[in-house]
Amino acid sequence: MMRLESKDEMVTIFVMGKKHSVPGSLTIMKAMEYTGHQFRRGAGCRGGFCGACATLYRKKGGYKLEGALACQKIVEDGMYIAQIPFSPTDKKTYKLEGLKPDAPTIMEYYPEISRCLACNTCTKACPQDIAVMDYVQASLRGDIEQAAKLSFDCLSCGLCAVRCPAEIVPYNVGMLARRLYSKYMVGPTQHVLNRVKEIEEGKYDSEVKELMTMPLDKLKVKYNTRDKVAE
Amino acid sequence: MILRTGPENKRYRDRVKELSGENVDLCFQCGACSSGCPMTQEMDYLPSKVIRMVQLGLEEAQEAKTIWVCTTCFNCEVRCPRGIDIANVMEALRQMVLRKKYNRVSLDDLSPEELRELPQVAIVSNQRKLTA
Amino acid sequence: MTRIAYYPGCTLKTNARNFEASTLATAEALGIELVEPGRWNCCGTVHALAKDDVMHHLAPVRNLIRVEELSNKGAIDGKQVVTLCAMCYNTLKRSNQVFNQDSDKRKKIRDIMTKEDIQYSGNVEVIHYLEALRSLGWDKVTARVVKPLKGLKVAPYYGCLLLRPRGIGVDDADHPTIMEDLLKALGAETVEFAYSQKCCGSYHTVQMKEAVADLSHRILKQAEVAGADVVAMACPLCEYNLGPRQEQVKKQYPSFNSIPVVYFTQLMALAFGLDDEATAFEANRPDPSPLLKEKGLLE
């Protein structure tokens, strides 16, 4: 049951063509649920991190097509909304072992990046303000580090892939670049290696065993009174 | 063979002229373009013959293998005594086919080794010229 | 040092690293600093010839904006951009022309590029490295030579897009001399051969490699008959078709004698006495080192 602020102004939105009046402070996702729609697909973390709720919209009276995450974007008057619950992509299968972080590797798996027109439509569609065209172009010339760094905030929401006129799926390329960068150019982080060694040496064995056999009520107490890391 | 041309031929010729920006009517079939073309061995019609077909407004011009084999080297443009850029006409004919969602080549035909070895400039230009 | 913007193009960062390494080193030796923009994109390789095409001009114009940005923040002297790849040269130059001459397309291009910080003014000049050298003066090039390429017979191969269409090229399309002038300035002997401006087959190397091998064979055989020791190149696609593709040529014409193919800037680096990192011959296929050693030009 949603509480309405008495000073909350109502705005008009169109969901799948049908007109609705919703409180102006809601996100697109909450507004759609306010109108009675139930999300079976296209909703995930609701926190702007999973990329499930990719949405396209136009504003009444304008031609501009915008992309957004439904769980993050606040509704605006005259928004004409459509969800993109799934974008068809073909993620190539590769074994990271034995790959080199260079242009030939990217070209072997995603040669369609050679079709990039540098039109920047992908960048315009991105709800995370990523320079998508730039990381695709960096991949094309083998600058894996640049491609990895620029695509860091990518959520694989699919809006760039759906709009690309050259039929590229930028986020797949970015993912390969990040994987190659992390594995081969940055290398494994020391604290992870240290922790793995500790685990293998059995440092945490008794603690884990204790937790696994603890009765539920004691477990609840332990969880609620745990040390919380400061924000 | 009797060639009957109608208004649709004129429309076709005009469309090619518009898309290429070239006045093909100026061609008097001297053949200088064909003699300088590096790819005539692979062609079914000589470039000058394709221009003649366009002059007559025959849509068969875009069914020739010629237009796909052209390398856009502009040797023809430099040689033409009437200043026609034959390469532009070839591009217009290609575009008229490609814009109907036709792809002459496909990236799927290339092996991983080829994709790794070919310089970007080759793959990019190949895709630009021969795919939709 | 004069600072000029430098647009590499994708291939200069991958298959043609030797072209780039030798160019940057020789430019520095001549007092030219080539400044690469921090951000650039593939130029598209081929100029959009269809008269209604706007989309394919975006990529080249975007790169010209990058050059203009460099100029605006004082990182370069003037508003020129040097390219090495003949295809990039042709594409950037022609799109620049279209932008300047067609007001309708200019408006559309500007309207689409809403994420750019500036609107392109149309004032960047696109030149090829050969033109930059010619402007500098051949005597200045000769002044920098420490090891004249004496006894080396070089066949200059122009290819297509450096010279054509008429009016776009770096030199006269029928009788170009710019590469000969450079090579003579380096002390080499130039060799005239019939196919120096004949197309190498270009992008057909991807799916019609037999036809390209045929063309390569014809071109290289003419160079051999004219007495050339090496062929000098100015474009990475031509270099690929006349160099590494010789493997395919050998398959089709077993009696073919391989002939080394090098970038003109590598010959410059050799003549200037620069180190192995600059001459970068190890990336060339076939390997030019045996021939150059034989001529006493390489240790």
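The talk below sets values against definitions.

Modeller: This is a predicted model, in which local features need pLDDT of at least 70 and side-chain atom pairs count only at pLDDT 80 or more, while totals for chains, interfaces and linings use all residues. Residues are numbered from 1 along each chain as its sequence is written, and chains are lettered from A and ligands numbered from 1 in the order in which they are written.

Biologist: How do you know what confidence the predictor has in chain C?

Modeller: Look at pLDDT, the predictor's confidence in each residue, from 0 to 100. Chain C averages 94, and 100% of its residues score at least 70. For the complex, the predictor gives an ipTM of 0.92 and a pTM of 0.89.

Biologist: What makes the radius of gyration of chain C agree with that of a compact globule?

Modeller: The rule for a globule is 2.2 Å times the number of residues to the power 0.38, and the radius is taken over C-alpha atoms. For 299 residues, that rule gives a value near 19 Å; chain C has 19 Å, so the two agree. The C-alpha trace spans about 55 × 45 × 30 Å along its principal axes.

Biologist: How many of the residues of chain C count as buried, and what makes a residue buried?

Modeller: A residue is buried if 20 or more other C-beta atoms lie within 10 Å of its own; it is exposed if 12 or fewer do, and partly exposed in between, with C-beta atoms placed from the backbone. By that test, 55% of the 299 residues of chain C are buried.

Biologist: What makes a run a helix or a strand, and how many are there in chain C?

Modeller: Both are DSSP runs, numbered from the N terminus: helices are H or I with at least four residues, and strands are E with at least two. Chain C has 13 helices and eight strands.

Biologist: Why is chain C said to have domain 1 and domain 2?

Modeller: The bounds come from an automatic or database domain assignment, so the names follow that assignment: domain 1 is 2–130 and domain 2 is 146–294. Their C-alpha centres lie 25 Å apart.

Biologist: How many residues of each domain are in contact?

Modeller: Two residues are in contact if their C-beta atoms, placed from the backbone, lie within 7 Å. Domain 1 of chain C gives 22 residues and domain 2 of chain C gives 27 residues. On the domain 1 side, helices H1 (17–29) and H3 (86–101) of chain C each give two or more residues. H1(C) gives the most, nine residues.

Biologist: What makes a residue on that side nonpolar, polar or charged?

Modeller: Ala, Val, Leu, Ile, Met, Phe, Trp, Tyr, Cys and Pro count as nonpolar; Asp, Glu, Lys and Arg as charged; the others, Gly among them, as polar. The domain 1 side of chain C has eleven nonpolar, eight polar and three charged residues.

Biologist: Which residues make up the contact of chain C with chain B?

Modeller: Chain C gives 35 residues and chain B gives 32 residues. Helix H9 (236–242) and helix H8 (209–225) of chain C each supply two or more. The largest share on the chain C side, three residues, comes from H9(C). That side has 19 nonpolar, eleven polar and five charged residues.

Biologist: And how many residues does the contact of chain A with chain B take?

Modeller: Eight from chain A and nine from chain B. Helix H2 (residues 103–109) of chain A gives the most to the chain A side, with three residues.
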